[in-house]
Every structure is written in structure tokens, then in C-alpha cells.
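Please look at the chains as they are displayed, then read on.

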Amino acid sequence: MPPTNEVERSEHRWAYVVASVIGFVFIVIIFSSVHWAAQPPSNLETIDASRLHLAGEFMESNLGTAVQPDGSVIVRVIAQQYSFVPDCIVVPASTRVVFRATSPDVLHGFLISDTNVNSMVMPGFIAVVSTRFDKPGDHLMPCHEYCSVGHQGMWARVKVLDRFEFARLYGNQSRASCAGK
Amino acid sequence: MQGSNRLVLAHFWAAFVAFTAAILLGAWQMLVRSPLHRWVDPELYYRAVTAHGTTLAYVFPTLVAMGFGYAVCAVSLGRPMHGVRLAWAAFWLVIAGAVMAIATVAAGKATVLYTFYPPLTGSPYYYLGIIIAIMGSWIWVGLMVSHFARWKRDHTGLPVPLAMFAFTAGALLWAWTSLGVGSEILFLILPNAYGWTDTIDPGLARVLFSWTLHAIVYFWLIPTYVAFYVLLPAAAGGRLYSDRLGRIAFLQLLIFSMPIGLHHLFADPQIGAGFKFLHTVFTAMVAVPTLLTIFTISASLEIAGRLRGGRGLLGWIRALPWERPLVLASGFALLMLGLGGAGGLINMSYAFNSTIHNTQWVTGHFHLIYGGSIVIMYFAIAYELWPHLTGHKLAAPKLVRLQLWTWCVGMLIVTLPWHLVGIMGQPRRMAYYDYTDPALAPQAIWVSISALGGFVLLFSALLLVGILFASQRGPLAENSPLKFSLAVHPPSVLPASLNGFRVWTLLVVALTLANYGFPLAQFLFLEHTGVPAYAVQGP
Amino acid sequence: MTYNARQGPTDPRFATWIGATVVLFILSFVVGFVWLPSFQKGSGRADIWGIICRAVGLPSGKTRATESVPGQSSSNVAWTVSTRRQITQGGAARGGELAGTCNNCHGTNGISADAAFPNLAGQSVAAIYKQLEDFKGGKRNPEVMGVYLRELSQQDMLDLATHFASLPNPYAAAVSIPESVDATARHLVEVGNPLRNLAPCAACHGPLGLTFGAPGLQGQQRAYLEQQMQALAAGSRRNDISEQMRSVARQLTPSEIAMLAAYYSNGAGFAER
């Protein structure tokens, strides 16, 4: 039914403006998801938080950077009160990197500075985030979710090395890290 | 307002006293985690953050909504409030719950932050206090719905006054959304705290909390929007542009506030990207009523401005009576709403969220939009109601304007650098940062500026209570009753869709099932997701 | 649109709005559960059902990255629900009877006379129990303690742990330490050093916070503390679950370790459990 007065006419006009604004937001979101395959984490795997160190994927011998047959790397990290293990993560540049993280105790999270790597780490679940570092460099990796009174001390580092340098320094290690150095 | 004056006054006083104490803590927190102060005992810092957040999220806005809600019942319906005794009982429940929770926090036994994500667990008295306060607010919900229903029954076919319609929408919204945190506390946290369950499920707890977490800000927002629609046009000397569009906006707030909470969990592993996208879409929809409100309120202000002689495309803006507290506050609120809302669009944009998740951008955002645009209108509502509640004139109009100015300016000083520091990668919720490190040094200046802004806000808060206190005595006000704004075309009849809630509440429930059904139900068949609780220590 | 007051569900706007919401939901579903996730690469099943299942958040079955480097677990003790329950089921009296041999080195009151042997009085039950299990299981150097534990059952170890935990807090003789030592140690204990990934010691060892199984440090033997921190830093002691302590010890300098040992051994007693 057509608008019957000036008030309703201007409301209709505004409704089109609103629809355009919202539509524009959707277009940008969808475009980025399509063009850059950008999407929040979507991977549901559970794991027994209290037994991580006894056996399986998150035993300490299995943590760190693992080069896969297809050239990508998987970085396995534990977030606990109050450190990441390994607390110095080394990865090659220009390579697909998949972070797999979990916690034996409480909620944590991490971001990698100057990147858009950002994930919660939840006990009982494996958080998976994949990315690609374009350039070599050093980054900070703080915990960003309150995990009780030591939270502010929980900072790890990520070193991104040129692909060939990574292969030279860490190529012969099944699980690489720069922790303790 | 007669018999309910004391009731409404009590709510506002309790709210603002709690508020001022929380702002004091907030200013201290900003100082001690800035480069301007040596590092403090982290437990003390987190304790302060818990008290600050708990007060400002669960106590202060609830009391304001309750008080203003009762005022709307008493004024808009053309007859006195009923159930005043019940309302007082509700008030004391909220106070009792708040005191229990905050006392527990103050003793250091619940340093879990106001989001209290398990498996971090504090003393059960903290959670009990929150539940008791929420129960008080449910009595308020019952009273609001009862006022709405009785008036409709006694005036069949007539449009329910907009203020009552809007507040009832807000009450229903609160009732439904508080079930999330209520369930989390009653079924997950308290049983574990009392040893009836061995483990607690952090994923389920977060999903339940997210049910409440976004819609609660719309519960906080409703009093502000009611003030925009029913107090501001008259204060500016004009009329409300459209009563009908207002109702549509409040209905959309009711419907779209709730099924969107998963946008707080974009970075979580327990939810799939499909549901994250679904909530993104519906979050974009909840921007619609705000955009409609901006239109309607701007149009209403334009009417007022032109009535006062404003000419030209924008000349009516200058013609508005900016010396009136409500008009000044609304201008500030709209400014901060624009900035904060823009930030919110980034937060909800699916993959873009990963740039700022759990950085200080998020903290800056919600301080700007809640502490800024919503809370400044709470002040203005109080200033507007005070002469009618106390019978005395509002003291010191110049100080009132100073208080509003300092709140807006202070909030911008606090929050704008905060957003910037978040983009620079500073994580949230840390008691101190090592600014000597070259990677963090560039953040130092912005954090310092932000911290100084905190003291401007503290000054503003103290000024507020000072003004309100001084206004309890002094020259008597003229005995004119509070009136709500008239619309340009006041409705004489309304369609059922804009005059009632029965069908819409069904839609709310249906959307909740659709958007939250699987994310919650999945925990019935996932293994290993319960973990032992971590008990925070007391001193 | 004129607004006639049509009562009840005959108001056509209900149908319009609800219909629009449903359409929105369906569109979002298709875009969010099928179309956008289809652009994700390398994520397992590439067929439509796999894409939808991942987007819904259904468990993805076996963890895909299953090859693990073989290695030894740091400890056989895990703080599961059942282990935490067992910790509470030791008997102090029985433990006292078993403690005869222990007292030879660890002292009759749980305060040892030899700085190389740790004080056990007032220590946390969980901490003592875990170390006993780790010694017995070879996760901690069995040369020292192994022979004493060979014959002990799990219940024995729980009883012993409960006994020592119940002994009254010792008051260490006041040893004066230089102000500078005290200041450095206090700083690490109370606020830590964030960018070296050092949370304050008190966040796990009390009084700021308590991690389950973390030992109390106040009033411990100075030489023992220093020795153990150095072993953790070097990696020769490796029974800390998921490198919790090794990652800390590695970040500390030898002089910081010495200062911390001096600070903690100077304490008036263990933190209350």
C-alpha cells in the first residue's frame, strides 16, 4: 500500500538507505570470505584436557613446528597457566601454517601481533587456525583471555624465517622450536 | 507519579552510588596498568576489574531500567502504578544480591571478572548474589508486563502508549535473555561450586553466557532509546516524528537482540563457521532499529529546530535548545553512538573480527557505546525526572552542562586511544604491560592519555552525584507533571502487530531455537568437554 | 499503508515480517553453511556434506594430524578428576608410621638437617604425591629416591604425603639477605617479567594463586631450591607436566635463581594449604 503522508514517504526513503548500508556490509563480508577464504575457525575436535601430556598429539615431544609432506607446517601449542609451550615458535614464511592449540587447564587465547591470527584456546577442544606469514620477522604472541592472576605474564614469541633459512636451521628436526634459545 | 516517587528515586540513588564507586575503581585500574604507575599486585587489579564490571553490568543498569520503567508505568498510563510493595521487594532483592556479590569480590574470593568464564571458579556467594539480583529484576519484568496487560484489557482497541510499549519490550527481552546467564549459574557453576558435579564444561558455559551477553546491552539500551523517543522531542520543543516507526524499532530490538550472541564466540573452537555466519547476519539486522532510531530522532529534532527558527539544510541544528540537559546529552549520545556503532560493525564482521578479538579495541568499543552513549542518557533521564521525583528544582544548570560535557569529552579521551591500542595488538585484561619493550613502547603514550581521561570521567561522576544530592533540597519546582512527547501523527488505532507481543515473543523463542539450538544441544553428545574447575584463591 | 486496528492474527504484517525473517534465515543458512565454507581449502572432506558438517560444527571424527613423534611422557601423574579425588584419601596417621626411613634424611619434623634434602613439613599433598610417583616411575632421577619407593603402593604414597602435609609449618631461621637480592626476588615473585614469559611465581605457588600440584616454596631448603631450578633449566629434571617449570627456569639467569632460592628459604613458613 503506498504511503499516505509525508512522514511515511520519508520513512520509506530511509528504509532504502538502511537496506543499502546493511547490504553493503554483507557484500564486504561475503567478498572477503570468498576472495581471501577468510573465515573464523570452524573445526570441532575434542580431547581429554587432563591427560594431554600422557600420550597423543599434545605430548611434549610432539609440540612445536612439524613440516608436512606437502610442504605446509603444523604448529602444535599448549596454552597453560601461565605459558605457551613452546614459548618460542618458529615458522617458515610464504608457507601455509596451521596452528593446533589446546589447554590442560582453563580458557586461554592468543593473537600474533601484526597479523590476524587470533584464536581462543579451550580445554577439551583443539583450536585450529590456519594462516600464511608473507614476510620474515619477529612477532609477539600474548595470551588474550583472562586465565587468572598470571595472565599478564603469558607472552610467547613467533619467529618467522625465510623458507630456506628455516629449512637450513630446522630442516632436520621433526619438531622445531626456538624455545630455550 | 505520587506514591511511586520514592520507589523510583531509591532505584536511581542506589544505581548512582554503585556507579560512582565503580568509576573510582575504573580510574584506578586505568592508571595502574598505564606507564604512569608502577606495576601493582595483579590479584588486586583483577579484583577491582571484577567489582567494576559486576557493578556496571549487573547492578547499575538494572536499577536504572527498573526505576525508569516504574516511572513510565506511573506516567504514561494515566493512572497510578500498582504493585508498589512488590516493586520494593524487588528493589531490596537487587540490593541484597548486589551486596552479596560485591562483598565476596571485595574479600578476594571471586576474582573471576564479570564474565566469569569457567573453569575459573570463585566463591558460590558471588554467583548467588548475581542470581538474587536477577530474581529481583524478574519481579520488575512481571510488574511491567502486568501494567501493560491490564491497561490493554481496560482500554481494548486503543494504542498502548509508546513509552509503555517500548519498556515492556525491554522487560520481555531481559526476561528471555537473562535465562542464559541464569542457566549457566544455576545448572553449571553452582552445582560444581558445591561439589555436586566433578567437572564443568567451559564451552557450554560460554555459549550460555553469549546468549545473555549481547542482548543484555540492548536491555541497557532500551531506557536510553525510550528517552530519545518520549522525552527528547518535547525537551527540544518539538514532536516525535513517528510513533509507528518507534514501535517497529523496539520490536526489532526485541526480536533481533537475542539470537546473535555467537558473534562473541567467533574465535572459539566449539562453534562451526555456519552458525558464526548466521549470527553475523542477524547481528547486522539488529543495527536496523538503531538506524531507524537515528532517523526518527534526527527528524524529530529537525522539527524542533525549525519550530525555533532554524533555517537552511543544517541551520536547525544550531537552533536547538542545547542548554537543556536532555538535548545536550542526546547530542553527545548520538555522536558516541555513531562512533561506537561503527566499531561494532567491525566486531561483527565475521572474519574481520580476528583482527581485534580480545584486544583493547573491544574494551574501547563497549566503554564508548555503553559507558558513553547509553550512560550519558541515564544521567539525562535522571536530570529530567529529578524535579518531578523530589519536588525541587534541579540545582546548578551550568554544572549540569559541565557534567555532561566532561563525561562525553572524558569518554572520548578514554576510548579513542583505547581503540587504537587495540589495533596495535594490545591484549585485554592484563594487570600491567612492559612498555620498555620496543614492540610495546609505541602503545605507551596512548595508554597514558586514556588513563588521564579516566580521571576526567571520575570528576564527572562525582559532579553528577553532587548535583543530584544538592537537588534534593533547594527551591521548589513548579508542580507540573511529567509529560511524554507527542507524535506528529499520534496513532488513534494501531494494528495488532504494533500493539502487542504475543506473536513476537513466539518469534523470539523460535529464532533462539534456530540460532542456538544446535550449538547448545551438541554438548549433550560431545565427550571430554568437562574439565575440573580452577578455584581462584582468596587472600 | 493505513493502520486499521485489525485484532489478532489476521494482521497481515505478522505474516510479512515472519516470512521475511524466515527467508533471511534460509539465505544465511545457504551462504554460511554451504557457499562460504566451500572456499576453505585443505580442510578434509571436500564434498558438500563434509563442507556442511564442518560448518555446522560436527565433530570431525579422528584427529587428522595423527602422526606423533614418539617420546616419553613427562610424568605418569595426571590431575584427572579421579586422581584429584584420590589425593584426599590419604591417612596421615598411617603415613606417620611409614615415615620412619624418610625421617632419616628429611628430619623427624619434616625439616631436614641437610640442605640437599628438601623440607617436607606443611608441603601440599598433591605436590609430595606427584614427586613420589615420579621418582618411583623413573620420571625423576631414580638414583636418589628410587630405592626407598620401590616397595611402596599408591596408597602408601598418598598416606605419606598426607602425613608430611599435616606437619606444622616450620619457621625457618631468619637469614638476612641483602636489599638488592630481596628486591630482585620480590619483583619476580610478585609481578614476574611478562616479556620473558615469566608470570609471578606467586601466581602458581601462592599466595596470589594456586595451581593444583604446585609445591609451596616458602621455608624450603635454599640449596635444594637452587639445585632443582638449575636442573629444570638444563632439562636434566623433566618431570614437570608440559614443561610448566622448565619454560620458567630456562628464562631465569643463574643469579636470579640464586636470589629466588635465598628469598624463599628465608620465608617464615609454607603458605597455608
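The model is a predicted one.

**Chain B against chain A**

The contact between these two chains takes 70 residues from chain B and 59 residues from chain A. About 5,100 Å² is buried between chain B and chain A, and carbon and sulfur atoms give 70% of that area. Between chain B and chain A there are 3 salt bridges. One of the residue pairs linked in this way is A:E11 with B:R244, whose closest N and O atoms are 2.4 Å apart. Polar contacts between chain B and chain A number 19 residue pairs, both residues being at pLDDT 80 or more.

Several elements of chain B give two or more residues to the side that touches chain A: α2 (42-76), α6 (202-213), α8 (243-256), α9 (273-307), α12 (353-356) and β3 (531-532). Of the side of chain B that touches chain A, α9(B) supplies the largest share, 11 residues. By class, this side of chain B holds 44 nonpolar, 17 polar and 9 charged residues.

**Chain C against chain A**

Here 54 residues of chain C meet 51 residues of chain A. The area buried between chain C and chain A is about 4,300 Å², with 50% of it on carbon and sulfur atoms. There are 2 salt bridges between chain C and chain A. A:E60 and C:R238 form a salt bridge through their side chains, at 3.5 Å from N to O. Residue pairs in polar contact between chain C and chain A, both at pLDDT 80 or more, number 9.

On chain C, the elements that give two or more residues to the side touching chain A are α1 (12-35), α2 (48-56), α10 (202-205) and α12 (246-251). The most comes from α12(C), with 4 residues. The side of chain C that touches chain A divides into 25 nonpolar, 20 polar and 9 charged residues.

**Salt bridges over the whole structure**

Over all chains, a search finds 26 salt bridges. Among them is a pair within chain A, where the side chains of A:E6 and A:R9 meet at 3.5 Å, N to O. A:E6 and A:R9 are separated by about one helical turn, because they are 3 residues apart in helix α1 (residues 6-35) of chain A.

**A helix pair in chain B**

Helix α1 (residues 5-32) and helix α13 (residues 360-390) of chain B pack at an angle of about 145°, and their axes are 11 Å apart. The crossing of α1(B) and α13(B) is left-handed. Residues of α1(B) in this contact include B:F12, B:W13 and B:F16, while those of α13(B) include B:Y378, B:F379 and B:W386. The contact of α1(B) with α13(B) is made of 14 nonpolar and 3 polar residues, with no charged ones.

**Backbone features**

| Peptide bond | Omega |
|---|---|
| A:V85 to A:P86, cis | about -5° |
| B:P118 to B:P119, cis | near 5° |

A:P86 sits in the loop between β3 (83-85) and β4 (88-92) of chain A. B:P119 is in the loop between α3 (84-106) and β1 (120-121) of chain B.

B:N358 lies in the loop between α12 and α13 of chain B.

Definitions and conventions:
Residues numbered from 1 in each chain as written. Chains lettered and ligands numbered in written order. Heavy atoms only, no water. Contact = heavy atoms within 4.5 Å. Buried area = accessible area lost by both parts, 1.4 Å probe. Salt bridge = Lys/Arg side-chain N within 4 Å of Asp/Glu carboxyl O. Polar contact = N/O pair within 3.5 Å; in protein donor to acceptor, adjacent residues only side chain to side chain. Nonpolar A, V, L, I, M, F, W, Y, C, P; charged D, E, K, R; others polar. Axes fitted to C-alpha atoms, helices over the stretch in contact; angles between N-to-C directions. Left-handed = near helix turned anticlockwise from the far one by under 90°.
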